[in-house]
Amino acid sequence: MNNITRSAEIAALFVGMTCRFEGIPFEFGVVSTYDPPLHQTAVVAYPLVETQDGSMHREEDCNRVYTSSSSLSYSHAWFDWYTDEQLDEATDDHSVVYCDEADVYALAEHTRYCEHSNTTEHISDIEYFNGDWFLCSHGLIRQDGHGNSFLNGDDDYVYCEDDGEYWPMNECHYCDEEGEWIRCDEDDCNHCGQEGLDRILSYHRHGRSADLYTGGSGWLVGFEVEKNRVGDADSCGDRIDETPLFAYWETDASCGIEGVTNAYDPLHEPTKRVFNEHLQESAHLIDVPCDNRCGGHINISCQNTAPRDMLQSFRKYAPLWYAVYRNRLTNHFCAQYDKKIEHGTEKYSPVITKSFGIELRLPSRVTSADMLARRFEWTGLTCSAMQDGTSFNAYVKSCRSLLLDRSYSGDRVKYAKVLRLARKFRVWMLDGIAHEDIQQWV
């Protein structure tokens, strides 16, 4: 008996045998190759999977069929295994369908037909508007600044570059001097009308925009500092001090007025120093007391990064923010929808997408310049983590000194509680399991 025959016989002994390695079942098979003058035979371990009917088959001979409505991009998206024969039967009876956009198979109950693209798609990749479904990637459905949806190309809406939002045309005017649409009456326009920098403006009905203090990182951060009033100023037209930090002040329906800051690069040291200088010159406005109706929204943008990608990137680090601002999770204006940060399209959500990036609506009122300085630093740490893809544990460690030593003045009990809650919020966001310690907020 020659060696080739003998090795083939030995290898054949393994065919059909199974074993488990680290809990994963395998089946042995034989692979033969012939590359003259060499004839080689090898034993190969094929991983096995349990298919939807309970039978075991080689993974390479099976297909994934997604079985939930969760986003297919999530690593924990649920699916079952189907053999080719099982998949053919399921597609024939229309219980499973192919989704063109994601290039996957999914249960029919989690798909919808999109007339515009003439395809059937998974519901995590589409959005509903005016009786039809549309692919999110096509960008056909937009939202105006009120949170109302409209179809791209609708002439009743115009884009205002000053605030990066779409608005109904009847709320705007075209400013010839700026060469763009501005959301306000012509008489109230800073270029066409008489509004001044030292007056409180009407909410989103003016031509003011923030200055951008760019560094080199591509990131920018700005704040909305809400107050009930500043001195005697609480209404449109009231005078208020002009300071370098604030681009403008405007009325706010939820609490009174809000100061919108310029935007600063949080990762560029010279620009960080400029921010702190501007902050100190504006401290007398920031330190004004206010009640808990007020919030402290944070706007973040990153050059060449889509808002939806920023949203998903921030979601990884959101549990720590949730633990710190947990009491805001019951506030109507910032946590009425989408608490798990899955789509970011509803206005009154903890984090939402904007044309420039994302807005964090979760942070509470700003009571002092020192607090705003810490938030700028924390947001910078978060931007750095988002940029580098830092792990959650490493991110929490990077924030330790800021939170423990400065925000909680060394109070280890408070800091330890925040860490415990952050871990539980993370489990809830990833797996949907709400520990009793966080149920009151989720």
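Modeller: A cut-off comes before anything else: buried means under 20% relative accessible area, exposed means over 50%, and partly exposed lies in between. Keep in mind that this is a predicted model.

A strand shows the cut-off in use. Strand S21, residues 246–252, is mostly covered, with seven of its seven residues buried. Its partner is strand S22, residues 256–261. The two run antiparallel and are joined by six bridges. A hairpin of three residues leads from S21 to S22. Across the pair, Glu250 stands opposite Glu258.

Now the salt bridges. The structure holds nine of them. In one, the side chains of Glu171 and Arg183 meet at 2.9 Å, N to O. This pair links distant parts of the chain, twelve residues apart. Glu171 sits in the loop between strand S16 (165–168) and strand S17 (173–175). Arg183 sits in the loop between strand S18 (180–182) and strand S19 (212–213). Glu171 has 17% relative accessibility, so it counts as buried. Arg183 is buried too, because its relative accessible area is 5%.

Another salt bridge joins Glu269 and Lys272, at 3.0 Å, N to O. Both residues belong to helix H3, residues 269–281. They are three residues apart, so about one helical turn separates them. Glu269 is partly exposed, with a relative accessible area of 43%. Lys272 is also partly exposed, at 25% relative accessibility.

Glu359 and Lys354 form a further salt bridge, at 3.8 Å, N to O. Salt bridges with shared partners join Glu165, Lys354, Glu359 and Arg361 into one network. Glu359 counts as buried, because its relative accessibility is 3%.

Glu59 lies in the loop between strand S4 (56–58) and strand S5 (62–66). At 32% relative accessibility, Glu59 is partly exposed.

Two loop residues deserve a check of the backbone. Most residues other than glycine have a negative phi. Asn118 has a positive phi of about 55°, and it is not a glycine. Asn118 lies in the loop between strand S9 (111–114) and strand S10 (119–122). It is exposed, with a relative accessible area of 55%. Ser409 also has a positive phi, near 50°. Ser409 lies in the loop between helix H10 (400–407) and helix H11 (412–431). At 64% relative accessibility, Ser409 counts as exposed.

Methods: Residues numbered from 1 in each chain as written. Predicted model: local features only at pLDDT ≥ 70, side-chain atom pairs only at ≥ 80, totals over all residues. Heavy atoms only, no water. Buried < 20%, exposed > 50% of the residue type's maximum accessible area, 1.4 Å probe, protein only. Helix = DSSP H or I, 4+ residues; strand = E, 2+ residues; numbered from the N terminus. Pairing = 2+ DSSP bridges. Salt bridge = Lys/Arg side-chain N within 4 Å of Asp/Glu carboxyl O.
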